[in-house]
Amino acid sequence: MKNVIFLLFISFGLIAPSELLSQETSPVWPKQGAMIVDLGVELSWNRDYNAVSYNLEIYEDEDLSVLIIDLNTTETSHFTILPDYRDYYWRVQSVHDENSDSWSTINQFTVFSPASIDNLALWLDAQDVITDENNKVLSWIDQSSNLKHA
């Protein structure tokens with residue numbers, strides 16, 4: 001029954017098919033307030049099926065006055081290596097044939113080095129391990145720069 005009503009709305013022009021696929025583009029990752037320990041960051045956002053491309057901006061300040069990345073892409077993600085350990089602010093915008101949507105909300109995330117934490121004795125990262133030929137974890141590598149591998 002729901003399918004029949006849905007088709008009636010489309011058939012009689014009450015809902016344009018493009019409206020069904022359109023959604024406001026918004027940041028997916030890094031999420032607001034995320035803490036990241038690697039300068040290499042994959043930013044991603046949700047797809048707008050009516051978009052021909054997306055504008056991505058990354059700033060070093062919350063006033064959006066120090067722009068470090070200004071990119072137009074047809075993808076819904078972008079990998080970049082950031083220049084320093086600090087806070088970053090980013091937003092994305094869908095671009096259509098003749099116009100652009102408004103900018104998304106601004107997400108803030110922090111890239112930090114575990115070695116910068118005072119009195120840090122040990123920092124283990126589940127993704128930074130030594131494995132044997134069967135992929136069994138033999139040890140974790142200390143990210144604190146104290147060389148106390150586990």
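This is a predicted model: local features need pLDDT of at least 70, side-chain atom pairs count only at pLDDT 80 or more; totals for chains, interfaces and linings use all residues.
Residues are numbered from 1 along each chain as its sequence is written, and side-chain values use heavy atoms, with hydrogens and water left out.

I begin with confidence, expressed as pLDDT (the predictor's confidence in each residue, from 0 to 100). The protein chain has a mean pLDDT of 79, with 71% of its residues at 70 or more. In residues 1-20 the pLDDT is below 50, and this stretch has 8 contacts in the model beyond near neighbours in sequence; contact means heavy atoms within 4.5 Å.

Next, the overall architecture. The protein chain contains 2 helices and 10 strands, where helices (H or I, at least four residues) and strands (E, at least two) are DSSP runs, numbered from the N terminus. Along the sequence the pattern reads α-α-β-β-β-β-β-β-β-β-β-β. Of the 150 residues, 32% count as buried; buried means under 20% relative accessible area, exposed over 50%, and partly exposed in between (1.4 Å probe, protein chains only). Among contacts between residues at least 6 apart in sequence, 51% join residues at least 24 apart.

Let me turn to charged pairs. There are 2 salt bridges in the structure, each defined as a side-chain nitrogen of Lys or Arg within 4 Å of a carboxyl oxygen of Asp or Glu. Glutamate 57 and arginine 91 form one of them, with 2.8 Å between the closest N and O atoms. This pair links distant parts of the chain, since glutamate 57 belongs to strand 4 (residues 53-59) and arginine 91 to strand 7 (residues 87-95), 34 residues apart. Both partners are buried, arginine 91 at 16% relative accessibility.

A salt bridge also joins arginine 86 and glutamate 60, at 3.9 Å from N to O. Arginine 86 lies in the loop between strand 6 (77-81) and strand 7, and glutamate 60 in the loop between strand 4 and strand 5 (67-73), so the pair ties together parts 26 residues apart in sequence. Arginine 86 is partly exposed, its relative accessible area being 30%.

What else does arginine 91 meet? Leaving aside neighbours within four places in sequence, its contacts include Asn55, Tyr59, Leu64 and Trp103. Arginine 91 lies over the face of tryptophan 103, 4.2 Å from the ring centre; the criterion is NZ of Lys or CZ of Arg within 6 Å of the ring centre and within 35 degrees of the ring normal.

Finally, the aromatic residues. The structure holds 3 aromatic pairs: rings of Phe, Tyr and Trp (its six-membered ring) pair if their centres lie within 6.5 Å, with planes under 30 degrees apart stacked, over 60 edge-to-face and the rest tilted. Tryptophan 45 and tryptophan 90 have ring centres 6.4 Å apart and planes at 55°, so this pair is tilted. Tryptophan 45 is in strand 3 (residues 40-45) and tryptophan 90 in strand 7, 45 residues apart. Tryptophan 45 is buried at 3% relative accessibility, and tryptophan 90 is buried at 0%. Ring pairs link Trp45, Tyr54 and Trp90 into a cluster.
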